[in-house]
Amino acid sequence: MSAGYDGTAFWTRSGVGHALTPEELGGALSQGIPAFGELHRRDEHRRRPSSARCFIARRTGEAVELDVSLLEHGLVGGWRECHPGHGNRRDDALDDADSTGPSVNPFMANYLTSDGGTINLCIVSPTGYIRDAFEHLGLPELADDPRFADVLPLIENAAAAVELIAESIRSKPFEYWRQHLKTMKGQWAPFQSLIDLGSDDQAIANDMIVEVEAGDGGKPFKVVRGPIQFNHEPLETTRAPQASEHTETVLMELGMDWDRIEELKDSGAIA
């Protein structure tokens, strides 16, 4: 599951982290600061919707529920960085990468898969998750090991736990873990590219990527739906209009007759 954390939903799962990771790094780039998703583009995705909600409430006298998806918010940013179909799905040569980095919590780290993918574990507080996590990670015996069976010994023996978890995750490919960990109770996320998002269950179930008609009558293309919803109402996503596409329609709605519109077009005043 991708709980509402910046590190899972916004950075890791949405494609933002993958899009911003330099190829020469040789592994997944970690999120640099806390609340990165909350701060990123906050004017567009927080302040403006909040202002709209207040405006609606003042006009109608009714409260409006505002919902902004952290995953979809990241997807919008990642999509602008790198459109699917460009670049590799993930680096192939990650044998020398430091997959985890220092951590006192082995359930808070990046782990490499056998094919060079990355799985991010983000179980901030392991209490109540230890047995389930180890079972899903293919290490059920560790839940009864006194070094790892409770939070304090788990932290004290974090280095040993990290080594065992890393070995287990690295034994199977990225897609295996992406499917297998769906039922794990603790928080985690696959470090996905925008190509991976095309088959992401959460993105598909929430209609985050939609297909729209091309303005020139060509093949339909995919775009990212806006991350903002009011009162759980589904968003209608369409393509952007062509230049001057609606000029004639708007002028006619304002009462201008067709002869006058033709005159403006002939003079070059409108396109």
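Trainee: What percentage of the 271 residues in the protein chain do buried residues make up?
Mentor: Keep in mind that this is a predicted model. A residue counts as buried under 20% relative accessible area. Of the 271 residues in the protein chain, the buried share is 38%.

Trainee: How many helices and strands does the protein chain have?
Mentor: Take the secondary structure of the protein chain as the starting point. It comes to twelve helices and seven strands.

Trainee: What share of the contacts with a separation of 6 or more comes from residues 24 or more positions apart?
Mentor: A contact here means heavy atoms within 4.5 Å. Among contacts in the protein chain with a separation of 6 or more, residues 24 or more positions apart account for 62%.

Trainee: Is Thr118 buried or exposed?
Mentor: Thr118 is found in strand S3, residues 118-122. Leaving aside residues up to four places away in sequence, Thr118 touches Ala28, Asn110, Tyr111, Leu112, Thr113, Phe174, Pro190 and Phe191. The cut-off for buried is under 20% relative accessible area. Thr118 has 5% relative accessibility, so it counts as buried.

Trainee: And Glu211, buried or exposed?
Mentor: Glu211 lies in strand S5, residues 209-212. Exposed means over 50% relative accessible area. Glu211 has 55% relative accessibility, so it counts as exposed.

Trainee: Which residues does Glu211 touch, not counting residues up to four places away in sequence?
Mentor: Touching needs heavy atoms within 4.5 Å. With residues up to four places away in sequence left out, the partners of Glu211 are Pro220, Phe221 and Lys222.

Trainee: How far apart in space are Glu211 and Arg239, C-alpha to C-alpha?
Mentor: In sequence, Glu211 and Arg239 are 28 residues apart. In space, their C-alpha to C-alpha distance is 9.1 Å.

Trainee: How many charged residues are in the lining of the largest cavity?
Mentor: A search of the whole structure finds one cavity of 30 Å³ or more. The largest cavity has a volume of about 40 Å³. Its lining is made up of Arg13, Arg178, Gln179, Lys182, Ser199, Asp200 and Asp201. These divide into no nonpolar residues, two polar and, for the charged ones, five.

Trainee: Which residue just after H12 takes a positive phi?
Mentor: Helix H12 covers residues 258-267. At its start, a side-chain oxygen of Asp257 reaches to within 3.2 Å of the backbone nitrogen of Asp259. Just after H12, a positive phi of about 85° is taken by Gly268.

Methods: Residues are numbered from 1 along each chain as its sequence is written. This is a predicted model: local features need pLDDT of at least 70, side-chain atom pairs count only at pLDDT 80 or more; totals for chains, interfaces and linings use all residues. Side-chain values use heavy atoms; hydrogens and water are left out. Helices (H or I, at least four residues) and strands (E, at least two) are DSSP runs, numbered from the N terminus. Buried means under 20% relative accessible area, exposed over 50%, partly exposed in between (1.4 Å probe, protein chains only). On a 1 Å grid over the protein atoms alone, a cavity is a set of points where a 1.4 Å probe fits but cannot get out, and a pocket is an open set with protein on both sides within 12 Å along at least five of seven lines; lining residues have an atom within 4 Å of a point. Grid points are joined across faces, edges and corners, and a volume is the space filled by probe spheres set on the points. Ala, Val, Leu, Ile, Met, Phe, Trp, Tyr, Cys and Pro count as nonpolar, Asp, Glu, Lys and Arg as charged, and the others, Gly among them, as polar. A polar contact is a pair of N or O atoms within 3.5 Å; within protein, one must be able to donate a hydrogen and the other to accept it, and residues adjacent in sequence count only if both atoms are side-chain atoms.
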